[in-house]
Amino acid sequence: MPRTARILNLAPETTEAQSPPDPDKKKVGKFVIIQSDDVLQLVHGPIDDYSYHADLVKKFCDLNSIPSGWLKKPDLYEIYGNSHHIKGGGWVEEKTGEKRLSFFGYSTAYGRFETEDMVYLLEQAPELADYEITIED
């Protein structure tokens, strides 16, 4: 298992700023898990901005200058070489007023995430310590 865990939220800041606080609101998004030699990362963003898991992978690669490209646009983006490996993906739903997160489903392009990867990532995330988290198999 890598030594470092990171959670990267790719939501545009304007999306958050425009949304008034609503205790009954649900935010739905997608996520992928990407591993390098020493880092395991949960990369996520809202469905309105990332309709395909591949969009998350592309944005991650662009931000980190990782060699990559489209294998099948718009739904399959690949990372070149062996520096990073996509370890599946799925959906995330946040109930903002209740501080509840649910991770479920799978990525058609990259497969299902491994539950143990998700547990590891979430255990290393102090910003989520007060959330109730559900991981559905």
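Six salt bridges occur in this structure; a salt bridge here is a side-chain nitrogen of Lys or Arg within 4 Å of a carboxyl oxygen of Asp or Glu. This is a predicted model, in which local features need pLDDT of at least 70 and side-chain atom pairs count only at pLDDT 80 or more, while totals for chains, interfaces and linings use all residues. Residues are numbered from 1 along each chain as its sequence is written, and side-chain values use heavy atoms, with hydrogens and water left out. Helices (H or I, at least four residues) and strands (E, at least two) are DSSP runs, numbered from the N terminus.

**Salt bridges**

- Lys-87 and Asp-117 join their side chains in a salt bridge of 2.9 Å, N to O.
- Lys-87 counts as buried because its relative accessibility is 17%. Buried means under 20% relative accessible area, exposed over 50%, and partly exposed in between (1.4 Å probe, protein chains only).
- Asp-117 is buried too, with a relative accessible area of 1%.
- Glu-98 and Arg-100 form a salt bridge of 3.0 Å, N to O. Glu-98 is partly exposed at 44% relative accessibility. Arg-100 is partly exposed at 29%.
- Arg-100 also meets Glu-132 in a salt bridge of 3.7 Å, N to O. Here Arg-100 sits in strand 7 and Glu-132 in strand 8, 32 residues apart.
- Glu-132 is partly exposed, with a relative accessible area of 45%. Shared partners join Glu-98, Arg-100 and Glu-132 into one network of salt bridges.

- Six strands make an open sheet in the order 1-3-2-6-7-8, with mixed pairing. Two strands pair if DSSP finds at least two bridges between them.
- Strand 1 and strand 8 are the edge strands, each pairing on one side only. Neighbouring strands of the sheet are turned by 25° against each other on average, direction ignored. Axes are lines fitted to C-alpha atoms, for helices over the stretch in contact, and angles run from 0 to 180 degrees between N-to-C directions.
- Strand 2 (residues 26-36) and strand 6 (residues 84-95) run antiparallel, joined by 10 bridges. Val-32 has Gly-89 of strand 6 as its bridge partner.
- Strand 6 and strand 7 (residues 100-104) are also antiparallel, with five bridges. Phe-103 in strand 7 is the bridge partner of Val-92.
- Four residues separate strand 6 from strand 7 in their hairpin, where Lys-99 takes a positive phi near 50°.
- Strand 7 and strand 8 run parallel and share four bridges. Arg-100 stands opposite Glu-132 in strand 8.

**Residues on the strands**

- Which residues does Ser-102 contact, leaving aside its neighbours within four places in sequence? They are Trp-91, Val-92, Glu-93, Thr-134 and Glu-136. Contact means heavy atoms within 4.5 Å.
- Ser-102 is in strand 7 and counts as buried at 17% relative accessibility.
- Arg-6 lies in strand 1 and is partly exposed at 44% relative accessibility. Apart from neighbours within four places in sequence, Arg-6 is in contact with Val-39, Leu-40, Gln-41, Leu-42 and Leu-121.
- Arg-6 and Leu-42 are 6.3 Å apart, C-alpha to C-alpha, and 36 residues apart in sequence.

**Helices against the sheet**

- Helix 2 (residues 53-64) lies across strand 1, strand 2, strand 3 and strand 6, and runs at about 55° to strand 2.
- Buried residues in helix 3 are Asp-117, Met-118, Tyr-120, Leu-121 and Leu-122. Their cover includes strand 1 (4-9), strand 2, strand 3 (39-46), strand 6, strand 7 and strand 8 (132-135).

**Aromatic rings**

- The structure has three aromatic pairs. Rings of Phe, Tyr and Trp (its six-membered ring) pair if their centres lie within 6.5 Å; planes under 30 degrees apart count as stacked, over 60 as edge-to-face and the rest as tilted.
- Phe-31 and Phe-113 pair edge-to-face, at 5.1 Å centre to centre with 65° between the planes. Phe-31 is in strand 2 and Phe-113 in the loop between strand 7 and helix 3 (115-123), 82 residues apart.
- Phe-31 is buried at 0% relative accessibility, and Phe-113 is buried at 3%.
- Trp-70 and Tyr-77 are another edge-to-face pair, with 4.9 Å between centres and 80° between planes. Trp-70 is partly exposed at 27%, whereas Tyr-77 is buried at 5%.
- Ring pairs connect Phe-31, Phe-103 and Phe-113 into a cluster.
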